[in-house]
Amino acid sequence: AKELKEAYRKAIAEVGPGYTAVSIFEDFVPGSTEIQDTISSMIQLADAGGCRLAARVAQGSVFGQLQLGRLQRQVQAGYQVYDCETVADADAFLDGH
């Protein structure tokens, strides 16, 4: 998760404000407090970096989807996240907005 966070930070710096994102969390299961803190800080990075809109694909774990949604609400990021069933659905949603 820490390596992913650093890669996320670099990608956000490259694209600049106003970007959209697709987050893929296949078979994601709720993580430890440390993992939750890392994910929350990534949400904050996206918000500070100017994310405009995001689509999340979290297949395979209802509890994982619930945890991700809860973390998003707790951070109170200024961008909306929409849950999608597939990456194709996420891309189509973002293309339409």
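This is a predicted model: local features need pLDDT of at least 70, side-chain atom pairs count only at pLDDT 80 or more; totals for chains, interfaces and linings use all residues.
The largest pocket holds about 380 Å³ of space. Of the 21 residues that line this pocket, Tyr8, Ala21, Val22, Ser23 and Phe25 are the closest to its centre. Several elements contribute to the lining, with helix 1 (2-15), strand 1 (20-24), helix 2, strand 2 (53-57) and helix 3 each supplying at least two residues. By class, the lining is made up of 17 nonpolar, three polar and one charged residues.

Helix 2, which spans residues 33-48, also contains Ser40. This serine is buried, its relative accessible area being 14%, and, when residues up to four places away in sequence are not counted, Ser40 touches Leu71 and Val75.

In the loop that runs between helix 3 (62-75) and strand 3 (80-84) lies Gln76. Although Gln76 is not a glycine, it has a positive phi of about 60°. With a relative accessible area of 66%, Gln76 is exposed.

Across the whole structure, a search finds one aromatic pair. Tyr82 counts as partly exposed at 34% relative accessibility, whereas Phe93, at 17%, counts as buried.

For Cys51, the nearest cysteine sulfur is that of Cys84, 13 Å away, and because a disulfide requires the two sulfur atoms to be within 2.5 Å, Cys51 is in no disulfide. Cys84 is likewise in no disulfide, the nearest cysteine sulfur being that of Cys51. Cys51 is buried at 8% relative accessibility, and Cys84 is buried with a relative accessible area of 12%.

The table gathers the accessibility of the residues discussed individually.

| Residue | Relative accessible area | Class |
|---|---|---|
| Cys51 | 8% | buried |
| Cys84 | 12% | buried |
| Ser40 | 14% | buried |
| Phe93 | 17% | buried |
| Tyr82 | 34% | partly exposed |
| Gln76 | 66% | exposed |

Terms used
Residues are numbered from 1 along each chain as its sequence is written. Side-chain values use heavy atoms; hydrogens and water are left out. Helices (H or I, at least four residues) and strands (E, at least two) are DSSP runs, numbered from the N terminus. Buried means under 20% relative accessible area, exposed over 50%, partly exposed in between (1.4 Å probe, protein chains only). Rings of Phe, Tyr and Trp (its six-membered ring) pair if their centres lie within 6.5 Å; planes under 30 degrees apart count as stacked, over 60 as edge-to-face and the rest as tilted. Contact means heavy atoms within 4.5 Å. On a 1 Å grid over the protein atoms alone, a cavity is a set of points where a 1.4 Å probe fits but cannot get out, and a pocket is an open set with protein on both sides within 12 Å along at least five of seven lines; lining residues have an atom within 4 Å of a point. Grid points are joined across faces, edges and corners, and a volume is the space filled by probe spheres set on the points. Ala, Val, Leu, Ile, Met, Phe, Trp, Tyr, Cys and Pro count as nonpolar, Asp, Glu, Lys and Arg as charged, and the others, Gly among them, as polar.
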